[in-house]
Amino acid sequence: CGDCSLASNCLSVVPVETEFGRKRAIDQSSCNKDFSCLNGFCPSFVTVEGGRFRRQPAAIGMPSVPLREPDRPSVPDVYNVLIAGVGGTGIITIGALLGMAAHLEGRSCSVLDMTGMAQKGGAVVTHVRIGPPGQTPPSAKVPQAGADLVLGCDLLVAAQPETLAVIAPGRSHVVLNTHETVTGAFTRDPDAAQPTKLLLELVRAAADGRVDALDATAMATRLVGDGIATNLFMLGYAYQQGRIPMSAAAIDRAIELNGVAVETNRLAFRWGRLAAAAPAEIDRTLAGDGPHAPLATTLEDIVARRVEYLTRYQDARYAERYRALVMRVAAKEAAILPQRRELSTAVARGLFKLMAYKDEYEVARLYTETPFLDDLRRHFDGDVRFTFHLAPPLLAARDPATGETRKRAFGPWMLRVFRVLAKFKVLRGTRFDPFGYTAERRLERRLVAEYAALIKRLVTGLTAANYDVAVDLARLPETMRGFGHVKKRNVAKAKAREAELLALWIAGDTTPGGEAAPTHKRPAAASAA
């Protein structure tokens, strides 16, 4: 729902696109441990005490693939490298390593860091100019259309006009990290997204297609265990492509002399080389790093995955209720507009979201009957102790200032409670459900019934003319996010929007944006009927 981002204003709360919509995670590489995200009203927060974050997951070992030395570029004059990224990720370090490697080989070199007002998260650009021995580069800044290599460690910074200006078609080669960096907009808008496709097109057009694009952050995080290794990973990738004039031995020595996270940086550099030399080997390694199934794209797959989930959530009968309504919509949609699937897809996602509401039983199940705990232990060493931050409606106190429910910490003993509680999901929706009498649970059950009634009404009156309004109505549950008072606010907004769209539906106004459509005045008798 984004309440944790709003409460903390923290860029270490990062989006994670999942089968069931956008979720959030804490980037352990950049987290400053102020714990303000715990103020977000959500039961998913766990703090880990007494352990140490394992930077490289134990399950991943580097394949024994020999790496050939690439043909490195000759430097008869000056070789220009521009490194573009954000502050706090090691952009300046990459420039310093290249400068030291050049010095170790007796080359001339200048390094210029353009940080401006940037701190952590701000744009940083480093100019590295490498020349032959005794020939100092004429200026420290890479000239326009003068870059031989651009290391685009951040897509947003790489696509800025100042960066694009140094790229020359036919000369420049770009190694580009496509990972979407969290910006300040994400802390305020849970649906904020980068125009990734447009940014890629800008860089490719400037370089005349001489671009190697990869999600280096995701790869480095999974292979090395730390997102901060991304830039060394990219440097290794560019090196193996023959884009760096210095030797691997000189770069390795520069890493050693830098004296910070030496083994991690060496590992990242080697993984980057391997990614360029043997991408199939990297794919096999990542495929073995647990389940990373692609998101469902067809209606059949979307429904099948949600039927499976709802069966675990409640039972097969509950899941069949879901499937039957979605299939009813799909049948009517196929009869009217056989080439379109937006409505049935929206219903498949929206109905599931409402039916799979996270009550006490589901929160308990997600903590104990999924790989969550195994995954947590896999990423932490030592004698760890888990603390859960929850606000159970029957137990939570209220903030005297706001009147809103407050979260409190529960120790590891809650795991025993969760294991027992998860088995009582059969009580969900029955008169024996002790949690079912709270206002929040009654609201959630009512939302399911109201949405089902709405969809049946839409299907009955569906036409090609009102199809788009029906799709907008069917998508409304995707905005009903959060828990407690957060969800209540979002539901109120969604219901207000639903009233507006239903008014358009009833009036027959189906133009984009809800603008008035020209209509013929109906006879009084027809209007009365």
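In the predicted model, Met 100 is partly exposed, with a relative accessible area of 31%. This residue is found in helix H2, which spans residues 91-104. Together with Leu 104 and Leu 257, Met 100 makes a nonpolar surface patch of about 230 Å². Patch membership requires over 30% relative accessible area, and the value for Met 100 is 31%.

Strand E4, residues 79-86, pairs with E6 in the antiparallel sense over 8 bridges. Within this pairing, Gly 85 has Val 124 of E6 as its bridge partner. Strand E5, residues 108-114, also pairs with E6 in the antiparallel sense, over 7 bridges. Here Leu 112 stands opposite His 127 in E6.

Ser 110 is found in strand E5. Its relative accessibility is 15%; because buried means under 20% relative accessible area, Ser 110 counts as buried. When neighbours within four places in sequence are left aside, Ser 110 is in contact with His 127, Val 128 and Arg 129, as well as with Pro 137, Ser 139 and Ala 140.

Key: Residues numbered from 1 in each chain as written. Predicted model: local features only at pLDDT ≥ 70, side-chain atom pairs only at ≥ 80, totals over all residues. Heavy atoms only, no water. Pairing = 2+ DSSP bridges. Helix = DSSP H or I, 4+ residues; strand = E, 2+ residues; numbered from the N terminus. Patch = residues over 30% accessible without salt bridge, like charges linked within 9 Å, V, L, I, M, F, W, Y side chains within 5 Å. Areas by Shrake-Rupley, 256 points an atom, 1.4 Å probe, with all protein chains shown as cover. Salt bridge = Lys/Arg side-chain N within 4 Å of Asp/Glu carboxyl O. Buried < 20%, exposed > 50% of the residue type's maximum accessible area, 1.4 Å probe, protein only. Contact = heavy atoms within 4.5 Å.
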